[in-house]
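Student: Could you take a close look at one part of this model with me, and give me the cut-offs behind each term as you go? I would like one connected account.

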Amino acid sequence: MLRLVGHELRLMHSLLLWTARRRDGVGPGDRAFGHARDQAALMYGFAFVCAVETVGMSYLLGAWPMVHAVVLFLDVYTVLFVVGLQAASVTRPHVLTSDTLRLRQAAHVDLRIPLERIAAVRHELLFTHEKQEGVLNLKVAAQTSLTLELSEPVTAVSMLGRRYEVRTVRCHADDARALGAAVREAVAGAAGAARCNVTREGTSS
């Protein structure tokens, strides 16, 4: 229950961030990659339908004030929830730092992958995703466009708190090729820095 409440609060916080044109978890020097563009039309369309339903139900239930108040609250909250999902996707992009790739899906998935564990990155557009053990699919509008193979598993946490190990992660980005190239470059840079550190330690000893 606490995790569900936390998820709802993150959605509402995302609405505030969106209004203020701010992003969550993007620090100085970090590179952010959006992933909300391809679902925007669907989410806005759904929110519009919910808003129309809210107006219609308000008209039909005008003669029953108590019922009208309850239904109005639920309908307005549904609209906020749908818009909040899109806001969370916009304000919580994928983030690439000097040592970590942070992949996110709205407000319910936040996976940090150390760069040294990324063994391969490839552009791969998929619209069907069979459930497989050790595979995490972060779909946007039912698609993923980038596949990461890991040398060691990382622990993913579901919205309800279930922990599981994954060795393959599929995600989507507005510019998947740019994200893939940036990840490869960062992985190569991190590997080079690690080799330099090992060389310096060996020389000093």
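Tutor: Happy to. Let's begin with the accessibility scale: buried means under 20% relative accessible area, exposed means over 50%, and partly exposed covers what lies in between, using a 1.4 Å probe and protein chains only. What we have is a predicted model, in which local features need pLDDT of at least 70 and side-chain atom pairs count only at pLDDT 80 or more, while totals for chains, interfaces and linings use all residues. Residues are numbered from 1 along each chain as its sequence is written, and side-chain values use heavy atoms, with hydrogens and water left out.

With a relative accessibility of 79%, Arg 21 counts as exposed. Its place is the loop between α1 (2–19) and β1 (31–33); helices (H or I, at least four residues) and strands (E, at least two) are DSSP runs, numbered from the N terminus. The backbone here deserves a glance: most residues other than glycine have a negative phi. Arg 21, although not a glycine, has a positive phi of about 55°.

Since Asp 24 lies in the loop between α1 and β1 and Arg 104 in strand β3 (residues 100–105), the pair ties together parts that are 80 residues apart in sequence. Over the whole structure, a search finds 7 salt bridges.

Now to the sheet that holds β3. It is an open sheet of 4 strands in the order β1-β2-β3-β4, with antiparallel pairing; two strands pair if DSSP finds at least two bridges between them. At its edges stand β1 and β4 (109–114), each with a single partner strand, so one side of each has no neighbour in the sheet. On average, neighbouring strands here are turned by 15° against each other, direction ignored; axes are lines fitted to C-alpha atoms, for helices over the stretch in contact, and angles run from 0 to 180 degrees between N-to-C directions. Between β3 and β4 the antiparallel pairing runs over 6 bridges, and Leu 103 stands opposite Leu 111 in β4. Another salt bridge joins Arg 112 to Asp 110, with the closest N and O atoms 3.9 Å apart. Arg 112 is partly exposed at 49%, and Asp 110 is partly exposed at 38%.

From there we can turn to the sheet that contains β5. In this open sheet, 4 strands follow the order β5-β7-β8-β6, and the pairing is mixed. The edges belong to β5 and β6, each having a single partner strand, so one side of each is left without a neighbour in the sheet. Neighbouring strands of this sheet are turned by 40° against each other on average, direction ignored. Strand β7 (residues 144–157) pairs with β8 (residues 163–171) in the antiparallel sense over 8 bridges, where Val 157 stands opposite Arg 163 in β8.

Two loops complete the picture. Gly 134 lies in the loop between β5 (118–126) and β6 (135–137) and is partly exposed, at 22%. Leaving aside neighbours within four places in sequence, Gly 134 is in contact (heavy atoms within 4.5 Å) with Glu 165, Val 166, Arg 167 and Thr 168. Gly 134 and Val 169 are 35 residues apart in sequence and 8.5 Å apart in space, C-alpha to C-alpha.

The loop between β6 and β7 holds Ala 142, which has a positive phi of about 65° although it is not a glycine. Ala 142 is partly exposed at 47%, while Gln 143 counts as buried at 11%. Not counting residues up to four places away in sequence, Gln 143 touches several residues, including Asp 38, Leu 125 and His 172. Asp 38 has a salt bridge with Arg 37, at 3.8 Å from N to O; Asp 38 is partly exposed at 33%, and Arg 37 is exposed at 53%.

How values were computed
Salt bridge = Lys/Arg side-chain N within 4 Å of Asp/Glu carboxyl O.
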